[in-house]
Amino acid sequence: TVSDPERIAKFVEALARTGENDNQLRKEAEAFIEAQKQLPGFCQMMMQISSHPEYRGEGAFDINLAAAIQLKNMASYHWRFTTEEDAKKRFDDDDDDLDENIAGICISQEDKEFVKSNIIQAIAHAPSFAVISQFEETIYTIAKYEMPDKWPNAMIEISELINQDDEAKVFGGLVALKEIVHKFEFEFKERREPLQEIVDNLFPRIEQIFTNLVEIDTEDSVKAKSIIMQTFFLANQTRITNRYRNHEIFDSFIGMIVSVFTHPLPEDFTQQSDDADVIAKLTKTEHWKLKTGCMKFLMRVFTQLCDPEMAEEMDLKLSEYF
């Protein structure tokens, strides 16, 4: 399936036609894609097409992005099913994530393994940020159902990426790491143990990256800092992870975030205005998103630790120190 150029060509043509103004051509293309979803190899095809630079913005339509969206939607709706019987019983489940108008599909195990084996590397080589955002959601969906036991190579691949010198690879690794951490955001007790291990093994490296980028204001560096800041928040918002219960590490960690929060913004992002549109536009920039992320995190830590009498028992010593 993976090396079937004829089938790939048909998919590329169909994906391109989903952007047609001609309703008939568009409907025919959509019908072809819907039929193909029922067959093994669909996710493999979408994975390949979405990450292949040849199909970026082909004509007036971004084939990479169209395929990445198909892959994301397929994972979002159907990754949870492990058997055909399971997929057919979907309407009996009280699951708000599922659309009753979409029939359940059991993605083949071969397709699942192919996507798991390729998507983290694909995000590091993605042809655009738009594609990265689709891969991001796909990784989160996969992590929900496969982590930690059924996707053992995920953390190895992410570790390798964030330790590279190549900025695109590091960024891809950071995005993937955020979504893996996201899976464990609301886990407690023994179900939180994989997160503690991830924090112990990989957070020293992302703290280093974060610190190295404090003074750098390029768009890419600010995006990377925002991703790391979101990762810190997801890991610690329900309960501060064990790594940061060490007072010395905690001091350094909070100091690092305060440094990013207080770092002066470039002049273009500090203009004063009473115009709501100007203000709204500024708040959507990566620079202000980063500031917001830092403040959100610091407020969450303050809420957890500011009053020792209100702190959870396991947070008491850290709260008293704080």
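This is a predicted model: local features need pLDDT of at least 70, side-chain atom pairs count only at pLDDT 80 or more; totals for chains, interfaces and linings use all residues.

User: Which helix gives the largest share of the lining of the largest pocket?

Analyst: The largest pocket has a volume of about 480 Å³, and 24 residues line this pocket, with Glu167, Ala168, Val170, Phe171 and Ala224 lying nearest its centre. Two or more lining residues come from each of α6 (109-124), α7 (129-146), α9 (167-183), α10 (193-212) and α11. The largest share amounts to five residues, and the helix that supplies them is α9.

User: What is the volume of the largest cavity?

Analyst: A search of the whole structure for cavities of 30 Å³ or more finds one. The lining of the largest cavity consists of Val214, Asp217, Val222, Lys225, Val260, His263, Leu265, His287, Leu290 and Lys291. The volume of the largest cavity is about 80 Å³.

User: Which helix supplies the largest share of the lining of that largest cavity?

Analyst: At least two lining residues are supplied by α11 and at least two by α14 (286-305). The largest share is three residues, and these come from α14.

User: How far from Lys225 is the nearest side chain of opposite charge?

Analyst: Lys225 sits in helix α11, which spans residues 219-236, and is among the residues that line the largest cavity. Leaving aside residues up to four places away in sequence, Lys225 touches Phe210, Leu213, Val214, Ile216, Asp217 and Leu290. A salt bridge requires a side-chain nitrogen of Lys or Arg within 4 Å of a carboxyl oxygen of Asp or Glu, and Lys225, although buried, has no salt bridge. The nearest side chain of opposite charge belongs to Asp217, at a distance of 4.4 Å.

User: Why is Cys306 in no disulfide, and how far is its sulfur from the closest cysteine sulfur?

Analyst: The structure holds zero disulfides, and Cys294 likewise is in no disulfide, with the sulfur of Cys306 as its nearest cysteine sulfur. A disulfide needs a pair of cysteine sulfur atoms within 2.5 Å. The sulfur of Cys306 is too far for a bond because the closest cysteine sulfur, in Cys294, lies at 19 Å.

Definitions and conventions
Residues are numbered from 1 along each chain as its sequence is written. Side-chain values use heavy atoms; hydrogens and water are left out. Helices (H or I, at least four residues) and strands (E, at least two) are DSSP runs, numbered from the N terminus. Buried means under 20% relative accessible area, exposed over 50%, partly exposed in between (1.4 Å probe, protein chains only). Lys and Arg count as positive and Asp and Glu as negative; His and the chain ends are not counted. Contact means heavy atoms within 4.5 Å. On a 1 Å grid over the protein atoms alone, a cavity is a set of points where a 1.4 Å probe fits but cannot get out, and a pocket is an open set with protein on both sides within 12 Å along at least five of seven lines; lining residues have an atom within 4 Å of a point. Grid points are joined across faces, edges and corners, and a volume is the space filled by probe spheres set on the points.
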